[in-house]
Amino acid sequence: MPLHERDIYYFIDVTVAYLNKVTGNEIVLRDPTIEFQSLVFSAYTGLLHLKGGAEGFVYITASQEFLQHLYTARHSRGRFTEENCRDVMNDIATAIAHNVHKRFGPALHVSEPRIFSTVPDDPIEMPPAVFVQPFSWRNELAYFVLGLNSSQIT
Amino acid sequence: MTGTEIYKRTATYERDAQAIRLHAPQWKLLLAYDGQRTLAEVALSADVPFAEALPLTEKFLDRGWIEEQPITLDQYLERAGMHGVSATGTAVPPAVILHEPKPETQKLPSLDAEKIVAPPPPQNIAPSASLARGSMRLSAVIDSIISAAGNNSLGQLLAYRVFLRVPPDLLLAEGIATVHLVNDSSLVRNETLQRAISNAFNEIVKKSLPDSVFAAA
């Protein structure tokens, strides 16, 4: 049984909640789109595969500057490196996975986060369409991307 | 400005062209005005979001580089999907209504986007009951879905479920690679695609698509 939209929205909800916690509620949701032709990847991406109640994937992808602002908001000092970018992205993806697991339990299997820069090493199969929810903070953009397999449309 | 206006470049543009300095996407839009296609069609062909095309068009008008191209009634009727004055008598045809978006705040990703082509259509499209003849306004389809969901955020995800059922190659053939869930300006003219969207709406929303999503023909 495919997840209800309320349950799917929970993924976006926990992402925004996590980012707002770090940024002091400064995340702005931009107008979402549905993309039919291509997946969108920014500088760094945290990918989670879904199985069970929803089959497909979610990922967060963000510019380096967006992650740098997040890093600075949390650590306030220290040199910002590529490793920091990956760590920040890993924290976001892990927070999503943790919250989703807490809510859905074994009914929905969420993979370990896969973090990569630019584009994935292993190609991701493009579903018929992906849902893209952009966020902005301090003029920098990040994107929540949801791709459900076509079996999720009964 | 609604998107139905037709513009052409002017003599001022021809005179000033060598001195004009624009970014490449702006040139693409400026060079796309041909005195034949509507602003909405020109924006689509130039890959410029409609919301960005509006202020640019105003800028070009202000500079005198383009001007509106009046069209005859026959041309208008042809564009509206009718077959000339003789076929319609003297009735004034209803306007083709395009959705006029507010200034768009969203910046679509340019970045290092990986292009992965969508798979072929997963299903056959069964002919459905009678459909109106005019173009289908995607903005109105999305509004109907959101209205059925009773909640904006959930409605947008429901719209995603609906469009998961629409063969992507039909959308791409119509020049639709992206559906904006707020203020989409696309018009669907292809009847097969209209049927596919209508069927997907029926199956997911469990209602019939209202006739109001069609621009009057």
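Modeller: In this predicted model, E3(A) and E4(A) form a hairpin with three residues between them. Strands (E, at least two residues) and helices (H or I, at least four) are DSSP runs numbered from the N terminus, and two strands pair if DSSP finds at least two bridges between them. Residues are numbered from 1 along each chain as its sequence is written, while chains are lettered from A and ligands numbered from 1 in the order in which they are written. Local features need pLDDT of at least 70 and side-chain atom pairs count only at pLDDT 80 or more, whereas totals for chains, interfaces and linings use all residues.

Colleague: How many bridges join E3 of chain A to E4(A)?

Modeller: Seven bridges join E3 (residues 44-52) to E4(A), and the two run antiparallel; A:His49 stands opposite A:Phe57. E4(A) also pairs with strand E8 (residues 140-148) of chain A, again antiparallel and over seven bridges, where A:Val58 has A:Leu146 as its bridge partner. E3(A), for its part, is joined to E6 (residues 114-117) of chain A by four antiparallel bridges, with A:Tyr44 partnered by A:Ser117.

Colleague: Which residues lie on the two sides of E4(A)?

Modeller: In a regular strand the side chains alternate between the two faces of the sheet. Here A:Gly56, A:Val58, A:Ile60 and A:Ala62 lie on one side, A:Phe57, A:Tyr59 and A:Thr61 on the other, and all are buried (20 or more other C-beta atoms within 10 Å of the residue's own, with C-beta atoms placed from the backbone; 12 or fewer is exposed, and in between is partly exposed).

Colleague: What is the angle between H1 of chain A and H8 of chain B?

Modeller: Two packed helices are described by the angle between their axes and the distance between the axes. H1 (residues 5-23) of chain A and H8 (residues 152-164) of chain B pack at about 105 degrees, with axes 9 Å apart. H1(A) is therefore roughly perpendicular to H8(B), a label for angles of 65 to 115 degrees. Axes are lines fitted to C-alpha atoms, for helices over the stretch in contact, and angles run from 0 to 180 degrees between N-to-C directions.

Colleague: Which residues touch the most other members of the largest nonpolar core?

Modeller: A nonpolar core is a set of buried Ala, Val, Leu, Ile, Met, Phe, Trp, Tyr and Cys residues joined through C-beta atoms within 7 Å. Among the 80 residues of the largest one, A:Val145 and B:Ala159 touch the most other members. Helix H3 (residues 82-104) of chain A gives the largest share, eight residues.

Technical notes: Parallel < 35°, antiparallel > 145°, perpendicular 65-115°, else oblique.
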